[in-house]
Amino acid sequence: MIRLVRALRRKPGMSRAEFLHYWQYIHGPLVAQYAGVLNIKRYFQLHTLDDPINDGLARDRGGMELPYDGIADVWWMTRDDMTSGFATPEGQAAGALFLEDEKRFLDIPNSALWFSYEYPQVNPSEYIIAREHGPLVKMYYCLRHHAHQNLDAAQLYWRTNHGPLIRSVAEGMRVKRYLQVHYYADPVEQQMRDARGTIVPPYTGHAELWFEHSDLVNFASIPEAKRAMTLAIEDEAKFIDFQRSAMWLGKEHVIIDQR
């Protein structure tokens, strides 16, 4: 499956509560209305939590970008499904309608977007979801590699070195699920960026980890979890530019899921 990732910042002057309400209850149903026209298989929203753990995640890495207000994830079964949907007159009209609505609640130039493919690492179930009133939270980690590295080298290290390391300590870290989601360069991305005046460069990709929130709260008192996190951060420093990356906790809202 190919996946479109939108890292969203809210429109200046709009509160987070106003942003999240509009996004979930106005824009979300608008996208769902055209899911068939656009061949969309899944559409999830990740709503950023106002949680002190977010500050600790950035502090442990020497400072990071501010968390985004949310993430929009859209999946298609194939790239052809994605391009063919937008190629029809109905699909083009839907895309224009989406963009007009985005202007009502998004800081569009400062909201990032990129296409990606998933590489599951710790994947006991694809149906683990950090729902609003459940015990799970989702850690979202938008990362950029160091300037002295190229994209292919950074992604290769991430897959073949860092991934196995996290798998080896996942039980100690209390990780329920872990995905790597790698950036994929596609001409459609540039078309979307140009249409929106996007100025934020795409990320190398992002990591997704699901935890029980109570485990994260008690991390410091769990020796094996604390040690595992130390090892993870030490290895991240080998390929991640922390100051140009962002990491935070959120809750998932399922808008479309046709699996």
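This is a predicted model: local features need pLDDT of at least 70, side-chain atom pairs count only at pLDDT 80 or more; totals for chains, interfaces and linings use all residues.
1. Residues are numbered from 1 along each chain as its sequence is written, and side-chain values use heavy atoms, with hydrogens and water left out.

2. Look at helix H6 (residues 151-173) and helix H9 (residues 223-236): their axes come within 9 Å and cross at roughly 170 degrees. Helices here are DSSP runs of H or I with at least four residues, strands are E runs of at least two, and both are numbered from the N terminus. Axes are lines fitted to C-alpha atoms, for helices over the stretch in contact, with angles from 0 to 180 degrees between N-to-C directions. H6 and H9 are therefore roughly antiparallel (a label for angles over 145 degrees).

3. What do the two helices touch with? Among the residues of H6 that meet H9 are Tyr157, Leu165 and Val169, and on the H9 side they include Ala228, Met229 and Leu231; contact means heavy atoms within 4.5 Å. By class, this contact has ten nonpolar, three polar and three charged residues. Nonpolar covers Ala, Val, Leu, Ile, Met, Phe, Trp, Tyr, Cys and Pro, charged covers Asp, Glu, Lys and Arg, and the others, Gly among them, are polar.

4. Now try helix H1 (residues 16-33) and helix H5 (residues 89-102), which pack at about 170 degrees with their axes 10 Å apart. That makes H1 roughly antiparallel to H5. Tyr22, Ile26, His27, Leu30 and Val31 in H1 meet Leu97, Phe98, Asp101 and Glu102 in H5, a set of six nonpolar, one polar and two charged residues.

5. On to charges: the count comes to 20 salt bridges, each being a side-chain nitrogen of Lys or Arg within 4 Å of a carboxyl oxygen of Asp or Glu. One of them joins arginine 61 and glutamate 236 (2.9 Å, N to O). The partners sit 175 residues apart, with glutamate 236 in helix H9. Both arginine 61 and glutamate 236 are buried (under 20% relative accessible area; exposed is over 50%, partly exposed in between, with a 1.4 Å probe and protein chains only).

6. Arginine 79 and aspartate 186 also form a salt bridge (2.4 Å, N to O). Arginine 79 is partly exposed at 27%, whereas aspartate 186 is buried at 6%.

Notes: Angles under 35 degrees count as roughly parallel, over 145 as roughly antiparallel, 65 to 115 as roughly perpendicular and the rest as oblique.
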